[in-house]
Amino acid sequence: MHTLEIMDLTVTVEGKTILSNFSLTINSGEIHAIMGPNGTGKSTLTKVIMGDDSYVIENGKILYDKKDITKLPVDERAHLGIFLGMQSPIAIEGVTNADFLRTIVSSKEKTKFKLFPFIKELEGTIEKLGMEQEMINRGVNQGFSGGERKKNEILQMYLLKPSMVLLDEIDSGLDVDSLKIVGENVTEYQKNSNCGVLLITHYRRLLEYIKPEYVHIMMNGRIVKSGDFSLVDYIEKNGYEKIEKKKIELGTCAVRELTKNE
Ligand code: ADP
Ligand code: MG
């Protein structure tokens, strides 16, 4: 059983507040989705959980299994089992995908790492994800399409076997067939590993493959409304404007309580 606790997190970048008193707890086996308008701090949240030090934590903390990880470097968080599938994965020139994957997996597994089982698993997972085998010999994400980069993130997830999976717009850039493959594979991994999942998405379609029990609406750096899957339909029908309007009328604190009774 693992628990990720984000407590009262306030984060700035270049003096601008991006997250403000943000709190959320995710346990093993739970799937949470965050939806929210562009520029509201969703990607920032995932990067701060992962340990990106370009953001300044002004207040609050992040705990993993009750251990304070707020100041831990990225690799140590990854070794604890936290994984981030990024919204815009970067290309790394001169390092093959195979070498990169072997490095991150062996650094996590340390003495348990065995090359032959690793290669077998790598090849099997590539096939499962409908990727081309030659992609392992190209530079990391070098010349990969948007969708191929997203699948490459899921490949990393499978090999690293995380206990807490953060996926930032993993559906963007995927065609309908790839979306199905990615959605079904994440669900399969989640069921088998019982990991916790945080999904960030704009679209209902992904959430039909990876069904969240908890849906949160994030605006201006904090959660303004939480609910179940029906909140996805509410947003599809009403957009974010109605929530925003209420927030202005009532003040942020009152929104959660009031909208609960709608
Ligand atoms: P979302 O993922 O919800 O669309 P982001 O977390 O990417 O939003 O960004 C939230 C806000 O923070 C945006 O206004 C963005 O321009 C700003 N921001 C994020 N990262 C940086 C950065 N490294 N430098 C300056 N501004 C940033
Ligand atoms: Mg984003």
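**Sheets, helices and the magnesium site**

An open sheet of 4 strands has the order 2-1-4-5, and its pairing is antiparallel. Strand 2 (16-27) and strand 5 (67-68) stand at the edges. Each has a single partner strand, so one side of each is left without a neighbour in the sheet. The model described here is predicted. Strands of a sheet pair through backbone hydrogen bonds, either parallel or antiparallel. Strand 1 (residues 3-13) pairs with strand 2 in the antiparallel sense, over 8 bridges. Within strand 2, Leu24 is the residue opposite Ile6.

Helix 1 lies across strand 1, strand 2 and strand 4 (56-64). Its direction is at about 115° to strand 1.

The magnesium ion (ligand 2) has Ser43 (OG) and Gln87 (OE1) as its protein donors, at 2.1 to 2.2 Å. The pair links distant parts of the chain, 44 residues apart. Ser43 belongs to helix 1 (residues 42-50), whereas Gln87 sits in the loop between strand 6 (82-85) and strand 7 (92-96). Gln87 has a relative accessible area of 29%, and therefore counts as partly exposed, between the limits of 20% and 50%.

Strand 6 leads on to a parallel arrangement. It is joined to strand 9 by 4 bridges, and the two run parallel. The bridge partner of Gly85 in strand 9 is Leu167. Strand 9 in turn runs parallel to strand 10, with 5 bridges between them. Here Met164 has Gly196 of strand 10 as its bridge partner. Strand 9 is mostly covered, as 5 of its 5 residues are buried. In a regular strand the side chains alternate between the two faces of the sheet. In strand 9, Met164, Leu166 and Asp168 point one way, while Val165 and Leu167 point the other way. All of them are buried.

Helix 6 (residues 176-193) has 18 residues. At 1.5 Å a residue it should span 26 Å, and its end C-alpha atoms are 26 Å apart, which agrees. At the start of helix 6, a side-chain oxygen of Asp175 comes within 3.0 Å of the backbone nitrogen of Asp177. Just after the helix, Asn194 has a positive phi of about 55°. The buried residues of helix 6 include Leu179, Val182, Val186 and Tyr189. Their cover includes strand 3 (31-35), helix 4 (115-128), helix 5 (146-160), strand 9 (164-168), strand 10 (196-200) and helix 7 (204-209).

Asn185 is a polar example from helix 6. Its relative accessible area is 8%, so Asn185 is buried. Beyond its neighbours within four places in sequence, Asn185 is in contact with Lys128, Leu129 and Tyr158.

Thr201 lies in the loop between strand 10 and helix 7. Its relative accessibility is 0%, so Thr201 counts as buried. The Thr201 side chain reaches the backbone nitrogen of Tyr203 at 3.0 Å. Leaving out residues up to four places away in sequence, Thr201 touches Ile34, Met35, Asp171, Leu206 and Leu207.

Methods:
Residues numbered from 1 in each chain as written. Chains lettered and ligands numbered in written order. Predicted model: local features only at pLDDT ≥ 70, side-chain atom pairs only at ≥ 80, totals over all residues. Heavy atoms only, no water. Donors = N, O, S within 2.8 Å, 3.2 Å for Na, K, Ca; no water. Buried < 20%, exposed > 50% of the residue type's maximum accessible area, 1.4 Å probe, protein only. Expected span 1.5 Å × (residues − 1). Contact = heavy atoms within 4.5 Å. Polar contact = N/O pair within 3.5 Å; in protein donor to acceptor, adjacent residues only side chain to side chain. Pairing = 2+ DSSP bridges. Axes fitted to C-alpha atoms, helices over the stretch in contact; angles between N-to-C directions.
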